[in-house]
Structure formats: structure tokens, C-alpha cells
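Thanks for coming, everyone. Please bring up the sequence and the model, and we will walk through it together.

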Amino acid sequence: MSKLTKNQKLALEKIEAGKAYSLAEATEKVKEVNYAKFDASFDIDVRLGVDPRKANQMVRGVVTLPHGTGKQVRVLVLCSADAEAAAKAAGADYVGLDEYIEKIKGGWTDIDVIITQPAIMGKIGALGRVLGPRGLMPNPKSGTVTNDVAKAVEEVKKGKIDFKVDKNGIVHSSIGKMSFTPEQMKDNAREFINTLIKLKPAAAKGTYIKSIYLSSTMSPGIQVDAKTVDE
């Protein structure tokens with residue numbers, strides 16, 4: 001087991017062991033224990049009372065964060081020629097089709113999100129081996145396969161993210177930056193958690209939200225009392 005650094009020890013000293021903080025307290029505490037010398041990500045981990053191995057308990061969705069993600073999202077739109085102008089006007093960083101498909105086949109993945117049209121998916125299927133492991137494959141459920149590519153670009157640029165429960169029943173996501181104010185962090189966390197609650201599968205029994213932790217890229221996790229989310 002690696003030794004704790006001086007900053008890690010200082011951070012742990014400021015966290016009360018076993019305490020679940022209110023959402024407002026937790027966002028303040030995350031900022032207090034963040035010692036990164038860069039603008040670290042603000043992360044959330046929510047353990048759900050679901051069995052992701054069962055299709056009727058899979059939790060996946062999208063959420064538009066009130067204050068965005070705090071990072072520049074590079075968007076590629078693969079579309080027909082008649083949709084290119086609208087995609088560019090909406091703020092897409094790269095727009096085209098065949099030339100970008102060839103670039104991706106060659107290993108280029110210098111992007112964060114790919115948006116495309118249903119009619120184009122046949123061409124993109126062959127890219128699954130490159131895009132799949134990187135989480136870049138467009139998906140109708142996340143709104144990245146749509147005929148209204150301009151609207152999809154605008155939503156992503158404003159802070160729309162998609163998430164999915166992992167095999168351990170945990171949903172992990174970055175929902176901002178440590179340069180955000182505690183109020184902005186709280187707003188983003190609340191929106192994310194409430195979206196998860198709305199997605200509770202009918203087949204999920206017992207406690208649905210088992211635990212919530214907030215952290216920065218390099219900080220310890222701060223436990224949140226789920227009952228305080230809407231305070």
C-alpha cells in the first residue's frame with residue numbers, strides 16, 4: 001500500500017470519518033480538501049441498488065448540467081452534406097463524413113463526442129472497434145444519433161452528458177470543475193442525482209440510492225446524505 005502524501009493526510013484530517021454530509025456541506029468540503037495545482041474535475045459516484053446484469057435493471061441516461069461540465073467538448077458531426085452548415089453554425093468542431101471516417105479508421109480519436117444521423121449509422125458501424133472502447137460510438141439513447149444534429153450539438157456544448165451504471169452498480173461521472181463555486185457544484189450534483197432517481201427501474205427493489213460520494217480528481221470522497229439533495 002502506497003504512503004499517503006502530506007496533502008492527502010491534510011485532506012483526510014478535514015473529513016469526519018463515517019459522516020454523511022448534506023449536499024451543501026459536501027460541495028464546500030470537496031473544495032476545502034482539494035490540493036491539486038490544476039483545475040481538477042468535480043466527480044460524483046452513486047451506488048445504486050440494482051443488478052446491472054439484468055436488462056430490466058440497467059440504468060442509463062442523459063442529463064444537461066445547469067452549469068455545464070467546465071471543459072471544452074470537442075464535437076465531431078458525421079452527417080449528410082445538407083446538414084453540414086447547420087452543424088457548423090451550432091458549434092461543431094469538425095463536420096463531414098467520408099474523410100473523417102477514414103481518419104478514424106486510421107486511429108484518429110481526438111474528439112469527445114460524435115453526433116450522427118440515423119441514415120449514416122450504416123457507415124459508422126465498421127468503426128465500432130475503434131470507437132467502442134473509447135466510449136465514442138453514437139447511440140440513439142444518448143441523443144447522439146438524431147436527424148436534428150444542430151440541436152444535439154447545442155445540447156452537448158451546453159453541458160449535456162450521458163452516463164451508464166457499471167457492472168458493480170455504480171454510476172460515475174465528472175460533473176464540473178473545482179473552479180466552480182460550491183453553489184454551481186451543488187446545482188450540478190442535484191440535477192445529476194435527481195435524474196438518476198427518475199430513471200429508477202420498476203424491477204429495482206429495496207433501497208435504490210445506496211450511497212453518494214463527491215470528490216475531485218485527487219481528493220478523498222465525501223459522503224452525501226441522500227435525504228439532503230433537495231435542500
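Start with helix H2, residues 23-32, where Leu-23, Ala-26, Thr-27, Lys-29 and Val-30 are buried. Around the axis, these residues cover an arc of only 165 degrees, which puts them on the same side of H2. An α-helix has 3.6 residues a turn, so residues three or four places apart point the same way. A word of caution before going on: this is a predicted model.

What do the buried residues of H2 pack against? The partners are E1, H8, strand E8 at 209-216 and strand E9 at 222-224. Let's take H8 next. This helix spans residues 182-198, and Lys-186 is found in it. Is Lys-186 buried or exposed? Lys-186 is buried, with a relative accessible area of 12%. Leaving out residues up to four places away in sequence, Lys-186 touches Leu-23, Ala-24, Thr-27 and Glu-231.

Now E1. Strand E1 covers residues 41-48 and is joined to E7 by six bridges, with the two running antiparallel. Asp-43 stands opposite Ser-174 in E7. Strand E7 itself covers residues 170-177. Six of its eight residues are buried, so E7 is largely enclosed by the rest of the structure.

On to a sheet. This one is open, has three strands in the order E4-E3-E5, and pairs them in parallel. Which strands stand at the edges? They are E4, residues 94-96, and E5, residues 113-116. Each has a single partner strand, so one side of each is left without a neighbour in the sheet. From one strand to the next, the twist averages 15 degrees. Look at E3, residues 75-78: four bridges join this strand to E5. Within that pairing, Leu-76 stands opposite Ile-114 in E5.

Two helices lie across strands of this sheet. First up is H4, residues 98-105. H4 lies across E3, E4 and E5, running at about 115 degrees to E4. Its buried residues are Tyr-100, Ile-101 and Ile-104. Seen down the axis of H4, they fall within an arc of 105 degrees, so they line one face of the helix. What covers them? The cover includes E3, E4 and E5, along with helix H5 at 121-124 and helix H6 at 128-131. After H4 comes Gly-107, with a positive phi near 110 degrees.

Next, H7, residues 149-158. H7 lies across E3 and E5, at about 160 degrees to E5. Here Val-149, Ala-150, Ala-152, Val-153 and Val-156 are buried. Down the axis of H7, these residues fall within an arc of 160 degrees, so they too line one face of their helix. Their cover includes E3, helix H3 at 84-89, E5 and strand E6 at 160-164. H7 is followed by Gly-159, and its phi is positive, near 120 degrees.

How far apart are Ala-150 and Lys-88? In sequence, 62 residues; in space, 7.9 Å, C-alpha to C-alpha.

Last topic: the aromatics. The structure holds four aromatic pairs. One of them joins Tyr-94 and Trp-108. Their ring centres are 5.2 Å apart and their planes stand at 85 degrees, so the pair is edge-to-face. Tyr-94 lies in strand E4 and Trp-108 in the loop between H4 and E5, so the pair ties together parts that are 14 residues apart in sequence. Trp-108 is buried, at 18%. Tyr-100, remember, is one of the buried residues of H4. And there is a charge here: the charged end of Lys-103 sits over the ring of Trp-108, 4.2 Å from its centre.

That's the tour. Over to you for questions.

Conventions. Residues are numbered from 1 along each chain as its sequence is written. This is a predicted model: local features need pLDDT of at least 70, side-chain atom pairs count only at pLDDT 80 or more; totals for chains, interfaces and linings use all residues. Side-chain values use heavy atoms; hydrogens and water are left out. Two strands pair if DSSP finds at least two bridges between them. Axes are lines fitted to C-alpha atoms, for helices over the stretch in contact, and angles run from 0 to 180 degrees between N-to-C directions. Contact means heavy atoms within 4.5 Å. Rings of Phe, Tyr and Trp (its six-membered ring) pair if their centres lie within 6.5 Å; planes under 30 degrees apart count as stacked, over 60 as edge-to-face and the rest as tilted. Buried means under 20% relative accessible area, exposed over 50%, partly exposed in between (1.4 Å probe, protein chains only). A charge sits over a ring if NZ of Lys or CZ of Arg is within 6 Å of the ring centre and within 35 degrees of the ring normal. The arc is that of the directions from the helix axis to the C-beta atoms.
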